[in-house]
Amino acid sequence: MSTTATQAFAGAGAAEDNRTAEQRVEGAMSAFAKSFGATVAWNMESCIHCGMCADACHFYIATEEAKYIPIWKAEMFKRAFRRESGAFAPFFKILGLKKKVTLDDLEEWQELLFDSCNLCGRCSLICPMGLEVAELIEIGRRGMYEAGLAPKELAERAALQAETGVPEAVEKPYAELLKEIGEKHGVDIALDKAKADIMVCAPRNDLNRNPSSVAAMVKVLNKLGADYTFRSDAIVAENYGYYAGSSGLQKTIAKRVVDQAKKIGASLVLVPECGHAYYSLRWQAAELMGETLPFKVRHVTEYLAEQVEAGKLKLNKVDGLPTAFHDPCQIVRKGGVTEAPRVLMSELGVNLKEVFNHAGFSFCCAGGGGMNDIERTRPLRLKAQEIKLREVDDTGAKRFLTTCSDCRVAFDDAGEHFNWDKKTESLVELVADNIKES
Amino acid sequence: MSILEFSRGPMLHFALLVFVFGVIWRLLAVVMLGFRKKYSEDRHSNDKALMVGTATCGLRSWPHKEFIGRTAFGEVVGYGYHIGMFTVVLLGAPHVIFWQNLFGVSVPWWPTLPGAIITAVSVLTVVLMLTATVRRYMHKPLRQISNFDDYFTLAILYAIMISGIWAVLGGPGRYEYILAAHIISFNLLLIWFPFGKLMHAFYIFPTRFVNGYLHAKKGATT
């Protein structure tokens, strides 16, 4: 691949990367090797090349292009493992059964690891061997980052977020945006309280595009009389280090949230409607810190469902409009929050029409894993999204709900492209709009 | 020493040594990487995770309804020839005698199937293997992810199956040579086993278990 192509893709300062190609490959492999223990090695050793994971991946299903087979995306790293550190590495080296991975190989794999994978994990459910395919791809991304081959769009955001707490250049600090949202929507937003039981975060996408969702979350918290606060130093919980494949940046970004929560003595960090923010904070932050966190991490729908079940939050019944729900993969399939949104919808009396592939088997919105941020992925994204939109249409639904702001961005874009007759709405907003006054 | 004596004498012993030590080493090499301590607050208890992990060992053989429409053919063919081979290897009378001699045990209650059934199952197994091979080559995604290991393993399996059927049906050639070819190809299988994908026989249940166990701890879908 040409240098120009590399620079077009590369992040992590690859264009100014003075390392030799071998050093960069070494960096990739070293990061990769550090990322696994026995369970990941098992995954790499166990693949029987049945190709079944292709049948779970929306990108393969939409295009039928062989390069999109999920396990193929991890091929370079599987090959390197067998050749360099597997049980019979010398055997594979001497007989030439596994070729050495080169920088050219890795460059070719950039597209597969970043531009055509949402890290959605659907492939991990179909594998007859039980391989955690998505985890291999995630670890592959870490290797790519260390080789200076993470997409610029993600690597730059990750670096910026690690440094400033904000993953984008902003005209106004997020704290200012929050205050404006409070004023515009007539809700009091608790910001920078020195002590609070709950630390709340907001999704960047909602601050910018769907401020009413932020206001809705605050409205419910106020109604519940929750002792909560946002913290200026850690307003967003999303983590671009996770997308870019940088364990170091991911840890720095997560640490900012963790430190703030510790500082105010929070017993709970409430993650807003943002899928990867939830997954990276709920299931990866403690692992990166190497410590058990002194607070719980909950998705906002989990928290609200708990309040409903405890009788603290009562909701009015909504209209009988047939409604489909999109299960965000990082929250539901990988995160385990399957029942909470359904508890809320049930309490609201939502006339739920489940799509065929729902709950843990839901098709991803196709924007996750950083793909929403990489413009060149749009044509592929749209092909995959068509599958999902058709599924939703097949239910006869007139309303479409979800619990992830990234999914909403992806569906809004697809909806606009296909002139879809539905708008993607926030479940939390529906809850906030239907609180029963006692 | 005749070729037959060689195949079931020194070569078999060598193959068994490679098999046993190779398999142990390949398993150890993975386990020695260690299991990482988990720090995240579990959603479900260890007991539940153990239960789900154990269940996943079996349940993963049956595809989820969301996938079956796309995977049914491949699964029927794949599981089909595995079941066929196990039936022949474990319930064919000559094989039962072989295992008992090999392990030096006498198990009078070990059931066997009539020779005609074993032959029919063998032929069906080869047909399914052929289907799997053609599919591997013709199906673009499968061809892309296939490598030397896949084709070499299949070649050994064909050698075993075809020589076995040949010996039983009394095809052309001296019986001793055909039987020797059957045993030699089995020895090759034992020798190749630790190096290639055949190891999935040992990895399948730990991998499924770990997947089920870790997902259950998160409450994630299995």
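Q: What should I know about the model and its numbering before I start?
A: The model is predicted, so local features need pLDDT of at least 70 and side-chain atom pairs count only at pLDDT 80 or more, while totals for chains, interfaces and linings use all residues. Residues are numbered from 1 along each chain as its sequence is written, and chains are lettered from A and ligands numbered from 1 in the order in which they are written.

Q: How many helices and strands does chain A have?
A: Helices (H or I, at least four residues) and strands (E, at least two) are DSSP runs, numbered from the N terminus. Chain A has 22 helices and eight strands. Its radius of gyration, taken over C-alpha atoms, is compared with the globule rule, 2.2 Å times the number of residues to the power 0.38. For chain A the radius is 22 Å, close to the 22 Å that the rule gives for 438 residues, so chain A is as compact as a globular protein of that length. Along the principal axes, its C-alpha trace spans about 75 × 50 × 40 Å.

Q: And what pattern does chain B follow along the sequence?
A: Chain B reads α-α-α-α-α-α-α-α-α-α, with 10 helices and zero strands. Its C-alpha atoms fill a box of roughly 65 × 40 × 40 Å along the principal axes.

Q: What share of each chain is made up of buried residues?
A: A residue is buried if 20 or more other C-beta atoms lie within 10 Å of its own, exposed if 12 or fewer, and partly exposed in between, with C-beta atoms placed from the backbone. Buried residues make up 60% of the 438 residues in chain A and 31% of the 222 residues in chain B.

Q: Why is Ala132(B) classed as it is?
A: Ala132(B) has 20 other C-beta atoms within 10 Å, so it is buried. Ala132(B) lies in helix H6 (residues 115-138) of chain B. Two residues are in contact if their C-beta atoms, placed from the backbone, lie within 7 Å. Leaving aside neighbours within four places in sequence, Ala132(B) contacts Val77(B), Gly78(B) and Tyr81(B).

Q: Which residues have the most contacts inside the largest nonpolar core?
A: A nonpolar core is a set of buried Ala, Val, Leu, Ile, Met, Phe, Trp, Tyr and Cys residues joined through C-beta atoms within 7 Å. The largest has 184 residues, and those with the most contacts inside it are Cys53(A), Leu106(A), Val133(A), Cys201(A), Val271(A) and Leu281(A). Helix H9 (residues 175-192) of chain B gives the most to this core, with nine residues. Beyond four places in sequence, the residues that Leu106(A) touches include Val25(A), Ala28(A) and Met76(A).

Q: How do I describe two packed helices?
A: Use the angle between their axes and the distance between the axes. Axes are lines fitted to C-alpha atoms, for helices over the stretch in contact, and angles run from 0 to 180 degrees between N-to-C directions. Helix H20 (residues 378-394) and helix H21 (residues 405-418) of chain A pack at about 90 degrees, with axes 10 Å apart. That makes H20(A) roughly perpendicular to H21(A), a term for angles of 65 to 115 degrees, with under 35 roughly parallel, over 145 roughly antiparallel and the rest oblique.

Q: Where do the chains meet, and which element of chain B gives the most?
A: In all, 48 residues of chain B are in contact with 49 residues of chain A. On the chain B side, H10(B) gives the most, with nine residues.
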